[in-house]
Amino acid sequence: MPPHDPTATIPRLEPVTAALPTFTGYRDLLGLVRQLSSLGGCAQPIRLEGHHTEIDTFTGEILRELKSKELPAGHLLVRCGNRRTTRCPSCAELYRQDTYHLIAAGLRGGKNIPEQVATHPRVFAKACPVNDL
C-alpha cells in the first residue's frame, strides 16, 4: 500500500453540463419543492390520483379545477397522518398532543363531553401481556 500523502488534494468532479438542462427542464422544480415543503417533512406521504372540479351551480362556470397528473410530482401528495414516531416522526409530532386533549376532555368535560363526567370515578385499565400475569 502506498504511503498516505496528507497534502494531496482530492480531484473535484465537474458536473456534466449537457445533462443539467435536461434535468432542470424536465419538470417544474420550484413547484415540486413547494409541493414537497407542504408535507412538513412527512416520511411516507400518500399519493392521491384523480381530479377535482368546482362548478358554480347557478352559472355552470368552472371555478377551480385540479388534476393530479398536472401537479409537479404527478400526484397530489398529502401527509400520512401516522401517529407512531417509528413510522413518521413529523406526523407523530403534529398529533402527539391529541391524546392529552382527548383524555383531559374525558376527565373534566368539555369538547362535546358533558361537564357531569368530572364528578364520576375514573379507571384507566391497561392491558397486560400474558407473561406479566
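The side chain of Q35 reaches the backbone nitrogen of A73 at 3.2 Å. This is a polar contact, a pair of N or O atoms within 3.5 Å; within protein, one must be able to donate a hydrogen and the other to accept it, and residues adjacent in sequence count only if both atoms are side-chain atoms. The model is predicted: local features need pLDDT of at least 70, side-chain atom pairs count only at pLDDT 80 or more, and totals for chains, interfaces and linings use all residues. Residues are numbered from 1 along each chain as its sequence is written, and side-chain values use heavy atoms, with hydrogens and water left out.

Q35 belongs to helix α2, residues 29–37. Helices (H or I, at least four residues) and strands (E, at least two) are DSSP runs, numbered from the N terminus. Q35 is buried, at a relative accessible area of 10%. Buried means under 20% relative accessible area, exposed over 50%, and partly exposed in between (1.4 Å probe, protein chains only). Leaving aside residues up to four places away in sequence, Q35 touches L71, P72, A73, H75, L76 and L77. Contact here means heavy atoms within 4.5 Å.

In soluble globular proteins, nonpolar side chains tend to be buried together.

The salt bridges number 2. The rule asks for a side-chain nitrogen of Lys or Arg within 4 Å of a carboxyl oxygen of Asp or Glu. R64 pairs with E54, with the closest N and O atoms 3.8 Å apart. R64 lies in strand β3 (residues 62–67) and E54 in strand β2 (residues 51–55), so the pair ties together parts 10 residues apart in sequence. R64 is exposed at 56% relative accessibility, while E54 is partly exposed at 28%. E65 bridges to K67, with the closest N and O atoms 4.0 Å apart. E65 is partly exposed at 47%, as is K67 at 35%.

I46, L48, L66 and L76 form a nonpolar surface patch of about 280 Å². Patch residues have over 30% relative accessible area and no salt bridge; like charges are joined within 9 Å, nonpolar side chains (Val, Leu, Ile, Met, Phe, Trp, Tyr) within 5 Å. L48 sits in strand β1, residues 46–48, and is partly exposed at 38%.

Methods: Accessible areas come from the Shrake-Rupley method with a 1.4 Å probe; for residues, only the protein chains shown count as cover.
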